[in-house]
Amino acid sequence: MWWWVWLVSVAAGAGSGVQGSLPPSRRFNIGGVLHDNDTELHFTNALKNINFDGVSVADQTTLYDVTLVHRGSPIAAALHVCQTVIAQAVFAVVVASSSDDSVTTASVSYTCGFYHIPVICTHSRDYIFSDKNIHVSLLRTVPPYSHQADVWVRLLKLLGYRQVIVLHSTDTDGRALLARFQSAARHSDNEKGVKVVTVMEFSPGQESFVKELTTIREELVKVVLLYASEEDAEIIFHDASYLNMTNENYVWLVTEQALRARLVPVGALGLQLKYADDYNAHIIDSLRVVALALRRLHEAHEVIPEPPISCDDENSWDETGRELFSLIRGQVLTDGSTGKVAFDEHGDRTHAEYSVVNVQERRQDHLAYRMPQVVGEFLYDAASDEMVMQLNKSSIRWAGGLTEAPPGYFLPRHLKVLTIRETPFVYAEAVKDESQCSLHDEVFCPMLTGKEGETRPMCCWGFCIDLLLTLAEKNAFSFSLFLAPDGQYGDLVEGPDGRNWTGMIGHLAGDGDADMAVAPLTINPQRSQDIHLTKPFKYQGITILVKRAPVVPALVSILQPFRGTLWLLLMATVHVIAILIWLLDRLSPVYSEDKQEGESEAMAISESFWFSWSVILNSGLSEGTPRGLSGRVLGIIWSGFTMIMVASYTANLAAFLVLDTPETPISGINDPRLRNPVENFSFATVRGSAVDMFFRRKTEWANMYRVMEAHDYRTVDEAVQAVRDGRLQAFIWESSRLEYEASMDCSLVTVGELFGRSGYGIGLKKESPWSEKITLDILDLHERGYMEDLDKKWIWNEGESCNVSDQEFSKRLGLKNLEGIFILVAGGVLSGIPLIVMELIYHRCRRRYEAARSDGSSQQQRGSNCQVSEDREGRGCCEGEGDDSLRNPLLAKKTTAVENNVAAKPRSSPGRGATLANCVTDGGIGIGRHRYPHSHAHQWDSEEVLQEVEERLLASPHIPEEWWILAPPTCPHYRDAPDPCYLEEPCHAPCPTPCPAPCLADCDGPVCLDPRCVENPASSGNEDCTQFHVDVDLHVAEAGVEAGEACVFGGCECNSSGTSPATPAAAGEGSNVSRPPHKVSLTTPGERKQ
C-alpha cells in the first residue's frame, strides 16, 4: 500500500517540476477516532471515494486516513490519540463515538485542541461542547439539544399556542434551551411571539416532582414544555399522572431525551433528530467538509506548515490550525447526506432536520401500548433556503383521544372585577341593597372599604359597565364587580419591600386579588410592566379645561363689520352725494325751463338728503328724485355703490355674529403662563394618575410639573369643581372626560390641541388567559361600531348636552347678539317723541301768528272801506244790526263754511278779495260791485296771482264739469242801493226799513245784498249774474258745497239783459231753476274800465 502511494507522490513531484506553475503535490492525513470496526471500515472507504470524486480534493493533493478504534477511559483515549493519531501528523480528527459517550469526545477535543487541530464530532449533543473557551477547535455535524427550542417555537405558533410553561433541569443544557427558547419566542416585526408564562426549574436526579408540578397546576396556562433526561422524565410523568395533569386539558411538549422515557402521556408531542443514529452519513459529511477546507487551504498557501507529530512537540502550527478551523466552519453542504450542513459561530450544526412525533395509544389483543407516530417534519427547503415546518394536524391524537387541539389554558368563568367612579364611564350611587339595582344596565358594585370583608352597597352604571356586560355575554363568564376602596387608579411608590402599586392597579398587579379592571385606564409603559392592558377601547389625549370667559356682546356689535374709519367715510359720502345731487339738479337746464314756464319744482335740499339716505337704507322712493340727467346718473352710481356696501355689510355682519367665539384664558399647553408659571395662575391634574406620570417623564416640562404638583387634586370631580368655583384656573386631564364636562356645563371649555395621545384599556392580571380573548373582542366591537354607540349614549349624550346651547350661541342669533339694533330703534322712538312735541308747538305758534296777522289786516281794510255813506239819501247801514231772521240762512251757513275752510288753509289762492271787495260804481248807472261780507278770509296779494290761477284753470283739460259753478238764475239788483259797509262797532240805529226777501239760494254771492242793508230793489231790467269760475279746487271742495249749488266767492258783474226785472217773489219762485254753466272771463275792475 505504501509503495503505491510513494509512486504516485514521485510522479506528482516530477509533473510539478516540469510544469512549475502548479502547487506542489501534498498529502493530508485525516484522523478518525471510531467506536467500532465497522465504522472504521466505513471511514476508510468514504475517504477513498472523496479522493476520486473530482470535487472535494484538489488535483495535487491526496487524503490519507489515520484511524483509531477506542474503547476505554478518557485518559486512555487521550494517550491513544497522541500515540496513534497525532503522531501521524493529522490535519483534522473525526470523532464518531456513541451518542452517550461524551467523555471520549471531550478527551479527544481537549487533546487536539491544545495543538489547535480541528475536531469534528458526529454524535455528542451536549451544550458544553459549544463553549469555545474549553473546546477551542471542536465542531459537530449534529446540533446540541438546546437547538430544539427553535423547532418548538415554530410548532407552538403553528398550533396557535402563544403561552407556555417551561419545566427544565438546572444543568447547562436545560438552561441553554430556556435561553434559546426565550430568544426565539420574542415578537418579530411581522409575527407575534410566544410568551413564557412560568419557568419551573428542578435539580436532576430528584425522587419526586410533586411540588413543581403542583405549582404548574395552579397556573391557568396548560401548555408544558419539558426538558429532562430520560430518568427524570419517567418520574415527572408518573407524578403528573398522579396529579391528574395528563388529561385532555393539558398539552405536553417533550424533548428527545424525555420522549424515550416510559409513561410518556398520550397525546404528547416530541421531536426526533433525523439521521441521529446514522453514523455513516455523518462520517461522510464530516470528511467532505474537511476535504473542502483542505482544498481551500492548499489553494491559498504554497507552503503549509506540517502539523505536530508528537504531543511533546511544540511548533508554530497554531495559526495554521486556527485558519483550518475557520475554513471548516465556513463550509456549507447543501447536498449533504444528513441534509444541509452548516455551522454557526460556535461550530454547532445548523439547519438540522427533525421529525415531529405524537405519542398515540394503540390497542392489540386487549392490550394498550404507546407508540410514537410521526405527524410532521422540520426540513430544509432548498428553493427558499429556509427551514419549513410541515404538520399534519388531522393525524394528531391529543390527550383523551381528542382530534382537535385543546385551548392550552383554563379560563376561569367567574371573575372579580374592579372599577372606579369616573364620569361618564362609571356612575355610582349608594343603595340599601342589591335589589335597588333593577335596571338592565345597572350592576351592583359594593365599595371596598379597606377592611377585610367590609363593603358599602353601591349601584353602578355607565360606559364601562355597558362594555363589561357586553364582554361577559360574549364570552359567557360571570363576574363580581367592586369599587376600588380609595377611589384611586394607583401610583408606583417606594416601599420597604421595593416599588409597589397603590390603588386599583395594586389589586391587579402581582398577587392582587382582582382578575380584571374595567375603567378608563390609560395605557402607559409603567402600568404595562406589571399588568396586562388590552387594546384601547377608546382613544383619547390630554387637554386643558378652563372656565369660559363671560360673553357679553357689545352694544355696538352691529358696527363690527366696518372699521371706524370706514363708517366715518360712509357717513361723509352720504351727505356729500346729497349735496352734489341737489346742486346738479339746481344747475340742470330742466330746472331753468320749468322756472320760465312757471312750474319751478326743483329738488329741495331736504329732499336731496332724503333721497341719499333712502337709497342706502333701501327704504323706497316715491317723490323727491333728481330730474336732471346728471343728477340721475349720479343717483344710479350711488345706488350701485350702496348695493355693494350693503351686501358687504350684511355678509360681514353674519360672519361676526355667527363665528364670533369667546376668548379663553390660555391658548394651550404651550401657553407662556404654563411654561413660565406665575403666582396668580394655578393649574393642576390628579395626583398619581397617568397624566401625572406623563408630566413626570417629560424633562422639558419639569418646571411645569413642580408647580403643578403642589396644586394636584385627589379626584377629577374635585378638580372640575375647583375650576367652576374659580379656585383653579386650568385643569389638565384626559380629553374624553373634559370634553364631556364642557358639553354639560356651558361655563367650562377645553382649550388647545390634544397632546400625549393614548387610549383606555381593560386591565388584566399578567399572563391572564383572558388577555388575548378580551383584546380580540374589543377589536371586534370597534369594527361593529359598538364603541361609537356607547359614545353616543354616554359621552355625546345624543344632543342633550350643553353643546346645543353653545351652538345656538354661535349659529342661532338671540337678543344678546342684536340688542344694539333694538336699542337703536328704541332711541329712534324716544327721539321722535320730543320732536313731535316740538313740531306741534311750532305749528301752533305759527298758526297763531298767521291768524293774528290776518286779523290785523282785516281790521285795517274794514277801517278804510266800511264807513257810513252820508251822501246817499242820508241813510246809513251797518253790519251786525237788524233782524237776523231776515238774513238768508243758507247764505249764512255757506259763508261761515267758506270762512272756516279758507282760514284753515293759508295756501288758498290769494288775490281776489282785495280787488273785488271794493265798492265800485259802473258808469253812473248805479250798478255797483259789492264786496263779500267776510272779506278778511280772502286776502289776495296781487292781480297777477289771480290771472295765473285763471289761466291754469282754463288751460287744464282735466277739470270735470261738476267743478264749474252753476250761474244763478236771474237775480234782481237793487238800484240806488248803497254799498254795504261793515262797522266794527254796532249800528247806532236800526235800518230804516226792513230788508226785502232775500235772493235766491243760488245767488248767495255779493251781488245778492244783505236784505238788511238794501232799501229799494231795482224796479226794471233783469240782470243775469254771469257765472264766475273761481279756484274750485280750493274753495268749492274745501267749502263742502254740493254739486248744483252756486256759491260765488268774490263778486259777480250783473249786465242788463233787456228783460223786465223780477220781483223778489218771482225770484224766489225761480230759485230752483237751474241754468247750464258757462264760462266767463275773470277781469279786474281796472281791466273793465279799459
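Biologist: Is Cys437 buried or exposed?

Modeller: This is a predicted model, in which local features need pLDDT of at least 70 and side-chain atom pairs count only at pLDDT 80 or more, while totals for chains, interfaces and linings use all residues. Residues are numbered from 1 along each chain as its sequence is written, and side-chain values use heavy atoms, with hydrogens and water left out. Buried means under 20% relative accessible area, exposed over 50%, and partly exposed in between, with a 1.4 Å probe and protein chains only. Cys437 has a relative accessible area of 12%, so the residue counts as buried.

Biologist: Which residue does a disulfide join to Cys437?

Modeller: A disulfide is counted here for a pair of cysteine sulfur atoms within 2.5 Å. The sulfur of Cys437 has such a partner at 2.1 Å, and that partner belongs to Cys459. The pair links distant parts of the chain, 22 residues apart, with Cys437 in the loop between β18 (427-430) and β19 (443-444) and, in strand β22 (residues 458-461), Cys459.

Biologist: Is the disulfide of Cys445 and Cys460 right-handed or left-handed?

Modeller: The sulfur atoms of Cys445 and Cys460 are 1.8 Å apart. Because the torsion about their S-S bond is about 85 degrees, this disulfide is right-handed.

Biologist: How many residues apart are Cys82 and Cys311, which also form a disulfide?

Modeller: Their sulfur atoms lie 1.9 Å apart, and with -105 degrees about the S-S bond the link is left-handed. Helices (H or I, at least four residues) and strands (E, at least two) are DSSP runs, numbered from the N terminus.

Biologist: Which residue in β13 is the bridge partner of Ala342?

Modeller: Two strands pair if DSSP finds at least two bridges between them, and β12 (residues 339-343) and β13 pair in the antiparallel sense over two bridges. They belong to an open sheet in the order β11-β12-β13. In β13, the bridge partner of Ala342 is Thr350.
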